[in-house]
Amino acid sequence: MKLTDKAINWQGKRTWTLDDAKSLVGPGWGKLIEKIWVSLPKDALIEQVKEKYGTLRFYVSSVGQDVWDVIDAVERESGTICEVCGEPGKTRYDMSWYMTLCESHYHNTHEYQNRPVSLAPKAVTNTDAGQSNTKKEGE
Ligand SMILES: [Zn+2]
């Protein structure tokens, strides 16, 4: 089976694919997400994937120590890889939003005074529940 076909339980509501998980952080970290993804058992339960204080956070339950070891290592590695382009970088603490960036993206700080919209986390929502809460017009 291809890595991209593998779906993992997400917050117990639905299954998510590798691309869904990747969409929650910048494109430069795609390879890091893949490293974690291959180590996840099918019955793993993903709680959250996001960037926090400039590095990757990958929260999951129902996994063994071997998976935790992979996640720990990858989260540490994210502090050395530009979230925008995947080149070597470091976490920058002198910006309004901490980010791990390469020299080139760091020097374009005018673009990154705030977290780029394209890297902003997308909300993880249960679309079914959202629709049932919608009120009909006239009620
Ligand atoms: Zn970069």
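Strands β3 (residues 45–52) and β4 run antiparallel to each other, paired over seven bridges. Within that pairing, Q48 sits across from Y59 of β4. Keep in mind that this is a predicted model, with a mean pLDDT of 82 for the protein chain.

**The sheet**
- β3 and β4 belong to an open sheet of four strands, ordered β2-β1-β3-β4, and the pairing in it is mixed.
- At the edges you'll find β2 (14–17) and β4 (55–61), each with a pairing on one side only.
- On average, and ignoring direction, neighbouring strands of this sheet are turned by 50 degrees against each other.

**The chain as a whole**
- Count the elements of the protein chain and you get five helices and six strands.
- Reading from the N terminus, they come in the order β-β-α-α-β-β-α-β-β-α-α.
- The protein chain has 139 residues, and 22% of them count as buried.
- Take the contacts in the protein chain with a separation of 6 or more: 42% of them join residues 24 or more positions apart.

- In the protein chain, 76% of the residues reach a pLDDT of at least 70.
- Helix α3 (residues 65–77) has the highest confidence in the chain, with a mean of 97.
- At the other end of the scale is helix α5 (residues 127–132), where confidence is lowest, at a mean of 43.
- Over residues 126–136 pLDDT stays under 50, and the model has two contacts beyond four places in sequence for this stretch.

Methods:
Residues numbered from 1 in each chain as written. Predicted model: local features only at pLDDT ≥ 70, side-chain atom pairs only at ≥ 80, totals over all residues. Pairing = 2+ DSSP bridges. Helix = DSSP H or I, 4+ residues; strand = E, 2+ residues; numbered from the N terminus. Axes fitted to C-alpha atoms, helices over the stretch in contact; angles between N-to-C directions. pLDDT = per-residue confidence, 0-100. Contact = placed C-beta atoms within 7 Å. Buried ≥ 20, exposed ≤ 12 C-beta atoms within 10 Å, placed from the backbone.
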